[in-house]
Amino acid sequence: MREAPMEYLYYPGCSLETSGKPYDESLRAVFRVLGIELKTLKDWNCCGATMYMSVDEAISLAISARNLALAEQNGCRGLIAPCSACYTVLLKTNRFLKDSPELKSKVDHLLAQGGLSYNLTVQVRHPLDVLVNDVGGETIARAAKRSLAGVCFAPYYGCQIVRPERGFDDREFPMTMDRMFERLGATSVYFPLKTRCCGGMLMTKFPDVALNLVNELLDCATENGAQCIITTCPLCQVNLEAYQKRASKKFGKSYDIPVLYFTQLLGLALGCSETELGMQRNLTTFKAPLAAAVA
Amino acid sequence: MASARVGLEPRLEQSRIPGALPATEQALRKKFLEESQLVPGGDRISRCLQCGTCTGSCPVSYAMDISPRMVIALFRAGQIEEILRSRTIWICASCYMCTTRCPQGIKITDLLYALKRTAMGTGLYPDRLPVYALSKNFVRVVNRYGRNHEMLLLLLYYLRRNPLALFRLLPLGFAMWKRGRISLFPAKIEGIQTIRQMLAASKALEMPREKEEVPYVEGTVGYRAVG
């Protein structure tokens with residue numbers, strides 16, 4: 001069906017270089033298996049995340065637009081940003097520049113100082129969006145080597161990949177990831193907090209507030225019988241994984257639930273090895289009942 | 001970090017004239033309106049119904065001293081200083097739930113960003129709560145290296161805020177390091193020069209954007225003007 005092999009530009013983002021390394025590794029592995037080429041954007045810089053915006057608007061947009069300008073030079077069809085913060089900031093940059101001529105002219109001026117220009121042609125995509133809408137659930141199901149039958153997971157999308165604007169899925173109750181994994185045999189448990197905030201950087205600023213949020217999420221997932229939580233964001237993953245002990249202590253629980261990136265679970269279904277998916281880097285261990293092979 | 005405090009003597013000439021705002025407040029208001037006008041759709045703040053959907057949707061509003069709805073109410077009442085002195089704007093984790101649900105389409109999260117910029121620009125922060133230091137240090141790291149470096153950022157922040165908390169983070173840091181999830185040294189991007197040029201240019205842009213004020217001349221408006 002497909003004519004040419006698909007090709008995307010890839011913007012890893014700062015987190016995926018360090019704390020989100022397993023996400024980076026598993027994402028590359030999954031795309032390799034599916035035959036999609038990922039070209040890393042050369043010399044990318046920080047998108048500005050949620051914090052640069054609080055200091056200066058024009059320069060924060062210009063810094064994030066530098067990446068889009070570089071991507072445009074490459075003549076790319078889609079720029080994949082796996083980190084939720086990067087994804088939402090790059091999208092926001094596109095939208096702000098489209099909506100506000102005043103900001104656009106300011107940012108153009110700043111970019112010109114660095115010898116760059118940007119004409120709003122780059123499409124920012126989340127890998128989940130690419131997998132579900134460009135590759136398609138059917139192709140993935142056909143490529144699957146193992147069945148995920150018996151895996152009960154809590155689908156945790158986090159806040160920023162579906163908000164503030166309506167993107168590739170519903171803003172409060174997205175279903176794309178649920179459907180993708182259910183097609184591969186897994187069961188998604190009832191998880192109404194799927195787009196609730198994990199606390200993000202609050203873990204450093206107001207740990208008590210963030211621990212409360214983390215506790216709510218872990219509680220909801222375990223109460224509903226999930227064996228693992230599947231995340232789409234490096235910050236959510238770290239918050240849910242690394243603070244289980246502290247949350248347990250504070251709220252009198254005993255959490256011990258694996259937290260995986262969605263690309264890791266998908267990689268397992270596609271037959272990648274655990275090392276390829278960076279599973280040894282997770283702080284929690286996931287023992288999946290993945291015996292059955294798909295015919 | 002002693003940025004110039006806005007305005008003159010606070011609360012001195014206040015409430016002499018009924019309905020008039022004190023000079024500090026006027027300056028803050030001007031700064032905030034400048035910041036929020038640049039946000040596309042920022043002017044929708046005037047449509048607020050005070051329904052409270054934002055506060056009800058916010059996952060952290062229980063920990064705020066001023067709820068998101070009250071932020072808009074206080075802005076209308078001319079008490080921006082009170083907003084900036086609260087911890088509300090720094091507690092927002094920007095999950096955009098309020099923006100998504102607001103029946104009037106007010107971009108509350110983006111307005112909170114505008115308030116953060118107002119606070120940064122005027123040096124008004126909540127007392128004894130240096131959380132803004134995280135954003136400041138983040139900008140420092142990114143401006144220097146072009147990318148964020150998680151460890152350096154946390155180090156800078158905790159040294160300023162609470163050095164003892166670093167010890168608490170040690171076991172976690174070690175576990176992450178063992179698994180190759182922490183890099184010890186930040187690396188510069190190749191094109192850091194372009195970022196420096198952009199930063200320098202933005203400094204030049206920061207000229208005070210004066211709105212031209214037309215003096216009121218008797219007889220130029222209203223019935224008298226048309227005779």
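1. Two residues are in contact here if their C-beta atoms, placed from the backbone, lie within 7 Å. By that test, 50 residues of chain B are in contact with 54 residues of chain A. The structure is a predicted model, and the points below should be read with that in mind.

2. The side of chain B that touches chain A draws on several helices. Helix 5 (88–91), helix 6 (97–101), helix 7 (108–122), helix 8, helix 9 (150–161), helix 10 (164–178) and helix 11 (192–205) of chain B each give at least two residues to it. Helix 11 of chain B has the largest share, with eight residues. By residue type, this side of chain B consists of 30 nonpolar, 13 polar and seven charged residues.

3. Val139(B) is one residue to look at where the chains meet. Val139(B) belongs to helix 8 (residues 132–145) of chain B. Setting aside residues up to four places away in sequence, Val139(B) touches Tyr52(A) and Val55(A). A residue counts as buried if 20 or more other C-beta atoms lie within 10 Å of its own; Val139(B) has 23 within that distance and is therefore buried. Within its own chain, Val139(B) is 14 residues from Leu153(B) in sequence, and their C-alpha atoms are 9.5 Å apart in space.

4. Chain A is assigned two domains: domain 1 covers 41–125 and domain 2 covers 137–281. Taken over C-alpha atoms, the centres of domain 1 and domain 2 of chain A are 28 Å apart. Seven residues of domain 1 and 10 residues of domain 2 of chain A take part in the contact. On the side of domain 1 of chain A that touches domain 2, three residues are nonpolar, three are polar and one is charged.

5. Chain A has an open sheet of four strands, in the order 6-5-7-8, with parallel pairing. Strand 6 (187–188) and strand 8 (259–261) of chain A each have a single partner strand, so one side of each has no neighbour in the sheet. Strand 5 (residues 152–156) and strand 7 (residues 228–231) of chain A run parallel and are joined by four bridges. Tyr156(A) has Thr231(A) as its bridge partner in strand 7 of chain A. Helix 12 (residues 262–269) of chain A packs on this sheet and touches strand 5, strand 7 and strand 8 of chain A. The direction of helix 12 makes about 75° with that of strand 8 of chain A.

6. Which residues have the most contacts inside the largest nonpolar core? They are Val214(A) and Ile230(A), in a core of 157 residues. Helix 3 (residues 57–73) of chain A supplies the largest share of this core, nine residues. Leaving aside neighbours within four places in sequence, Val214(A) is in contact with Cys198(A), Gly199(A), Asn239(A), Leu240(A), Tyr243(A) and Ala247(A).

7. Some backbone details deserve a check. In chain A, the peptide bond from Arg163(A) to Pro164(A) is cis, with omega near 0°. Pro164(A) sits in the loop between strand 5 and helix 7 (176–183) of chain A.

8. In chain B, Ser94(B) has a phi near 50°, a positive value in a residue other than glycine. The phi of Tyr96(B) is near 65°, also positive in a residue other than glycine. Ser94(B) lies in the loop between helix 5 and helix 6 of chain B, and Tyr96(B) lies in the loop between helix 5 and helix 6 of chain B. Are these residues buried or exposed? Ser94(B) has 25 other C-beta atoms within 10 Å, so Ser94(B) is buried. Tyr96(B) is buried, with 25 other C-beta atoms within 10 Å.

Technical notes. Residues are numbered from 1 along each chain as its sequence is written. Chains are lettered from A and ligands numbered from 1 in the order in which they are written. This is a predicted model: local features need pLDDT of at least 70, side-chain atom pairs count only at pLDDT 80 or more; totals for chains, interfaces and linings use all residues. Domain bounds come from an automatic or database domain assignment. Ala, Val, Leu, Ile, Met, Phe, Trp, Tyr, Cys and Pro count as nonpolar, Asp, Glu, Lys and Arg as charged, and the others, Gly among them, as polar. Two strands pair if DSSP finds at least two bridges between them. Axes are lines fitted to C-alpha atoms, for helices over the stretch in contact, and angles run from 0 to 180 degrees between N-to-C directions. A residue is buried if 20 or more other C-beta atoms lie within 10 Å of its own, exposed if 12 or fewer, and partly exposed in between; C-beta atoms are placed from the backbone. A nonpolar core is a set of buried Ala, Val, Leu, Ile, Met, Phe, Trp, Tyr and Cys residues joined through C-beta atoms within 7 Å.
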